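Here is a quick tour of the side-chain contacts in one protein chain.

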Amino acid sequence: MKPVTEPILRAAANAFDFGGPVVCDARHYGEGHINDTFVVWREDHSKRFILQRINTDTFTDPVGLMENICGVTRHLRAKILAEGGDPSRETLSLVKTRDGADFVTDNRGRVWRLMPFIENADCYQSATPELFAASGRAFGRFQYMLRDYPAQTLHETIPHFHDTEVRFGQFLAALEADKLNRAKGVSAETQFFLARKEDCGVA
């Protein structure tokens with residue numbers, strides 16, 4: 001994606017309803033690798049937000065992507081409230097545009113979304129066994145809360161992304177091509193996966 005300048009960022013931010021004027025700094029925030037992520041503030045610095053430009057090279061159907069996110073987060077929000085939880089911290093929230101939409105497309109076709117910044121939270125780039133266990137519990141709860149979500153309404157925003165049989169076929173093709181001559185150094189790992197080929201259809 002092309003670099004984002006301060007005027008572009010400010011124009012995108014001002015499309016959203018911050019509840020007051022906004023200040024921007026055209027510097028990336030965090031360690032993400034797909035979307036462009038920035039932090040922006042209300043002018044009085046009373047609250048900050050995450051502004052993201054969606055990578056439409058990766059997500060070629062940004063409308064479908066945002067419909068998925070909005071549907072899933074609404075579902076989760078209702079469940080969390082029913083359990084007495086705090087949806088502002090336990091699920092993603094989106095800030096509406098000044099026109100009441102969930103995202104905005106600018107005059108160059110760039111797609112933007114805005115979320116409240118979740119304060120006093122951590123994002124880890126590596127994990128201990130304890131963090132892996134905690135993430136597994138969190139993901140399990142996420143899946144459980146979506147057990148009655150109408151999955152047929154979801155858009156497949158990246159074809160075959162979660163298709164384990166297709167992924168295994170890609171693995172076999174890469175293994176056979178061995179373009180960088182590295183397969184011989186990971187034979188134990190490849191044998192592990194080859195021995196579990198039938199599991200791909202189950203997953």
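## Charged pairs and rings

E119 and R48 make a salt bridge, with their closest N and O atoms 2.8 Å apart. Since E119 lies in the loop between β5 (111-116) and α4 (129-145) and R48 in strand β3 (residues 48-54), the pair ties together parts that are 71 residues apart in sequence. E119 itself is partly exposed, at a relative accessible area of 31%. A quick word on terms: a salt bridge here is a side-chain nitrogen of Lys or Arg within 4 Å of a carboxyl oxygen of Asp or Glu. Buried means under 20% relative accessible area, exposed over 50%, and partly exposed in between (1.4 Å probe, protein chains only). Helices (H or I, at least four residues) and strands (E, at least two) are DSSP runs, numbered from the N terminus.

Keep in mind that this is a predicted model, where local features need pLDDT of at least 70 and side-chain atom pairs count only at pLDDT 80 or more, while totals for chains, interfaces and linings use all residues. Residues are numbered from 1 along each chain as its sequence is written, and side-chain values use heavy atoms, leaving out hydrogens and water. As for pLDDT (the predictor's confidence in each residue, from 0 to 100), the chain averages 92, and 99% of the residues score at least 70.

The whole structure holds eight salt bridges. Another of them joins E90 to R141, at 3.5 Å from N to O. This one also links distant parts of the chain, with E90 in helix α3 (residues 87-90) and R141 in helix α4, 51 residues apart. Salt bridges with shared partners join E83, E90 and R141 into one network. A local example is E6 with R10, again a salt bridge, at 3.5 Å from N to O. These two are four residues apart in helix α1 (residues 6-13), so about one helical turn separates them.

Here is how accessible some of the side chains in these bridges are:

| Residue | Relative accessible area | Class |
|---|---|---|
| E6 | 29% | partly exposed |
| R10 | 32% | partly exposed |
| E90 | 36% | partly exposed |
| R141 | 37% | partly exposed |

Now for the rings. Rings of Phe, Tyr and Trp (its six-membered ring) pair if their centres lie within 6.5 Å; planes under 30 degrees apart count as stacked, over 60 as edge-to-face and the rest as tilted. The count comes to six aromatic pairs. One of them is F18 with F49, edge-to-face at 4.8 Å centre to centre and 90° between the planes. F18 sits in the loop between α1 and β1 and F49 in strand β3, 31 residues apart, and both are buried. F139 and F142 are stacked, because their centres are 6.1 Å apart and their planes at 25°. F168, F171, F192 and F193 form one aromatic cluster.

Charges meet rings too (NZ of Lys or CZ of Arg within 6 Å of the ring centre and within 35 degrees of the ring normal). K47 lies over the face of F49, 5.6 Å from the ring centre, and the charged end of R196 sits over F192, 3.6 Å from its centre.

The structure has zero disulfides (pairs of cysteine sulfur atoms within 2.5 Å).
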